[in-house]
Amino acid sequence: MNALPTSFFGWVGFILEKYGTLFLSGVGITLLVAITGTVIGFAIGLLVAILRTIPVAPRAPWYRRLPLRALSALLNVYIEVFRGTPMIVQAMVIYYGCMYMGLRMPVLVAAVLIVSINTGAYMAEIVRGGIISVDKGQKEAACAIGMTHWQSMVHVVLPQAVRNIMPSIGNEFVVNIKDSSVLNVISVNELFFMSKSAAGTYLRYFEVFFITACIYLALTFTITRLLRVLERKMDGNTNYIIYGSQSDSKAAIVVPKEGGVPND
């Protein structure tokens, strides 16, 4: 039988060699839950934000005003409940609540559902803030040319709003990577759960969770840098060339510096 390590870094190397595939498996599940939950949560938040911004005219018929106000109140309850309770509690209530009612979900499906619903509540407020940040004149101009509320949102307001909230969306994704660790309470085989399994064999909790902390840091650092690159790409080119008469703005054409000369 080989002798066990006696130093800290000796144990770190030993654990990585013995349980490396276990850590990789946990990382895979963590990223799967975080990415899927963030994408679905963004879609939920987008829909909720659009519904909450539907204008209600004071003199509109009651059969139009009441449903919209009831829907707005229901969506407010959803946002307040899921923003006001910890994800670990939501996981226990949703997973074991469904089991109590006779619906046994696979833990991975439950994990994605929990993260998606939780993220959707935060995204709804983030997207609403992005919509508010867009100049009101943009929507008024869209309505003036005959666009409906949905058309003006999809084609005019949301493209600008999404760019404004990209840092917040990225932050929510990073938070989901870290917060997925609470899903170990329903036995999701994410990184934290796998780390507990590795630590329990030799009772080397410090060394194992030192490795876990480094993995989480590497994930969040890498994703943060990738998101910043994406933000710069969405900004586009800030250098422009003016073609035509600079004294007459109506006769001038402004294009990005790298865009080339427009065709005649």
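Which helix gives the most to the lining of the second largest pocket, and with how many residues?

Modeller: H6 gives the most to that lining, with five residues, where helices are DSSP runs of H or I with at least four residues, numbered from the N terminus. The model is predicted, and local features need pLDDT of at least 70, side-chain atom pairs count only at pLDDT 80 or more, while totals for chains, interfaces and linings use all residues. Residues are numbered from 1 along each chain as its sequence is written, and side-chain values use heavy atoms, with hydrogens and water left out.

A pocket here is an open set of points on a 1 Å grid over the protein atoms alone, where a 1.4 Å probe fits, with protein on both sides within 12 Å along at least five of seven lines, and lining residues have an atom within 4 Å of a point. The second largest pocket holds about 180 Å³ of space, a volume being the space filled by probe spheres set on the points, which are joined across faces, edges and corners. Two or more lining residues come from each of helix H1 (8-52), H6 and helix H8 (205-235). Among the lining residues are Ile35, Phe42, Met166, Phe173 and Leu230. By class, nine are nonpolar, two are polar and none is charged, with Ala, Val, Leu, Ile, Met, Phe, Trp, Tyr, Cys and Pro counted as nonpolar, Asp, Glu, Lys and Arg as charged, and the others, Gly among them, as polar. In the largest pocket, with about 270 Å³ of space, the lining divides into five nonpolar, one polar and six charged residues.
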